[in-house]
Amino acid sequence: MTRPSWIDDLCWNDAGLIPAIVQDCASGEVLMLAWMNREALNLSIATGETHFYSRSRQSLWHKGGTSGHVQAIEEIRVDCDADVLLIRVRQTGGACHEGYVSCFFRKRDGEVLQIDAERQFDPARIYPGGS
């Protein structure tokens with residue numbers, strides 16, 4: 001797989017990762033934040049669907065590979081410091097493994113966090129062994 005030259009110009013952290021903010025291209029809603037290594041970014045470009053690097057599992061993962069809730073990439077943007085990616089997608093199903101459209105389904109309400117979204121799917125049915 002040929003790597004686009006601009007990937008080498010990104011500011012990767014010491015672990016070889018870069019944060020990727022994922023945004024719904026239709027609504028503008030921020031869906032999630034995940035991390036990419038060079039391989040995940042190259043796979044994303046090659047397949048047109050998002051792939052990320054799991055820091056906890058230390059492995060690649062294809063968003064929607066288990067759930068079917070894939071993210072079709074419409075656009076990739078790079079911030080002014082070249083150290084953050086903005087990936088604009090068409091989301092199928094929910095982006096959050098807890099069943100919500102967005103991973104940002106809680107908001108601060110005084111001293112507590114309140115859920116202000118409705119679940120789109122039952123995570124126990126999609127991830128029977130846990131997410």
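Trainee: Is Arg-77 buried, exposed or partly exposed?
Mentor: Arg-77 counts as partly exposed because its relative accessibility is 45%. Please keep in mind that this is a predicted model.

Trainee: Which residue forms a salt bridge with Arg-77?
Mentor: The partner is Glu-75, with the closest N and O atoms 3.2 Å apart. Glu-75 is also partly exposed, because its relative accessibility is 26%.

Trainee: What else does Glu-75 meet in a salt bridge?
Mentor: The side chain of Arg-88 meets Glu-75 at 3.4 Å, N to O. This pair links distant parts of the chain, since Arg-88 is in strand 6 and Glu-75 in strand 5, 13 residues apart. Through shared partners, salt bridges join Glu-75, Arg-77 and Arg-88 into one network.

Trainee: How many salt bridges does the structure hold?
Mentor: It holds 3. One of them is between the side chains of Glu-74 and Arg-90, at 2.4 Å from N to O. Here too distant parts of the chain are linked: Glu-74 belongs to strand 5 and Arg-90 to strand 6, 16 residues apart. Glu-74 is partly exposed because its relative accessibility is 44%, and Arg-90 is partly exposed because its relative accessible area is 47%.

Trainee: In which sense do strand 5 and strand 6 pair?
Mentor: They pair in the antiparallel sense, over 7 bridges. Within that pairing, Ile-76 stands opposite Ile-87 of strand 6.

Trainee: What does Ile-87 touch?
Mentor: Leaving aside residues up to four places away in sequence, its contacts include Ala-20, Ile-21, Val-22, Met-36, Ile-73 and Glu-75. Ile-87 is also among the residues that touch the most other members of the largest nonpolar core, which has 19 residues. Others in that group include Leu-10, Met-32 and Phe-52.

Trainee: Which element supplies the largest share of this core?
Mentor: Strand 2 does, with 4 residues.

Trainee: Back to the hairpin. How many residues lie between its two strands?
Mentor: There are 6 residues between strand 5 and strand 6. Ala-82, in that loop, has a positive phi near 60° although the residue is not glycine. Ala-82 counts as buried because its relative accessibility is 17%. Asp-79 is found in the loop between strand 5 and strand 6 as well, but counts as partly exposed because its relative accessibility is 27%.

Trainee: How far is the C-alpha atom of Asp-79 from that of Leu-10?
Mentor: The two C-alpha atoms are separated by 9.6 Å, and the residues are 69 apart along the chain.

Trainee: Where is Gln-58, and what is its phi?
Mentor: Gln-58 is in the loop between strand 3 and strand 4, with a positive phi near 50°. Gln-58 is exposed because its relative accessibility is 62%.

Trainee: One more: is Lys-63 buried or exposed?
Mentor: Lys-63 is buried, yet has no salt bridge. The nearest side chain of opposite charge is Glu-49, 11 Å away.

Trainee: What lies 2.5 Å from a polar atom of its side chain?
Mentor: The backbone oxygen of Ala-95 lies at that distance from the side chain of Lys-63. Lys-63 sits in the loop between strand 4 and strand 5. Among the residues it touches are Met-32, Phe-52, His-69 and Cys-96.

Technical notes:
Residues are numbered from 1 along each chain as its sequence is written. This is a predicted model: local features need pLDDT of at least 70, side-chain atom pairs count only at pLDDT 80 or more; totals for chains, interfaces and linings use all residues. Side-chain values use heavy atoms; hydrogens and water are left out. Buried means under 20% relative accessible area, exposed over 50%, partly exposed in between (1.4 Å probe, protein chains only). Lys and Arg count as positive and Asp and Glu as negative; His and the chain ends are not counted. A salt bridge is a side-chain nitrogen of Lys or Arg within 4 Å of a carboxyl oxygen of Asp or Glu. A polar contact is a pair of N or O atoms within 3.5 Å; within protein, one must be able to donate a hydrogen and the other to accept it, and residues adjacent in sequence count only if both atoms are side-chain atoms. Contact means heavy atoms within 4.5 Å. Two strands pair if DSSP finds at least two bridges between them. A nonpolar core is a set of buried Ala, Val, Leu, Ile, Met, Phe, Trp, Tyr and Cys residues joined through side-chain atoms within 4.5 Å.
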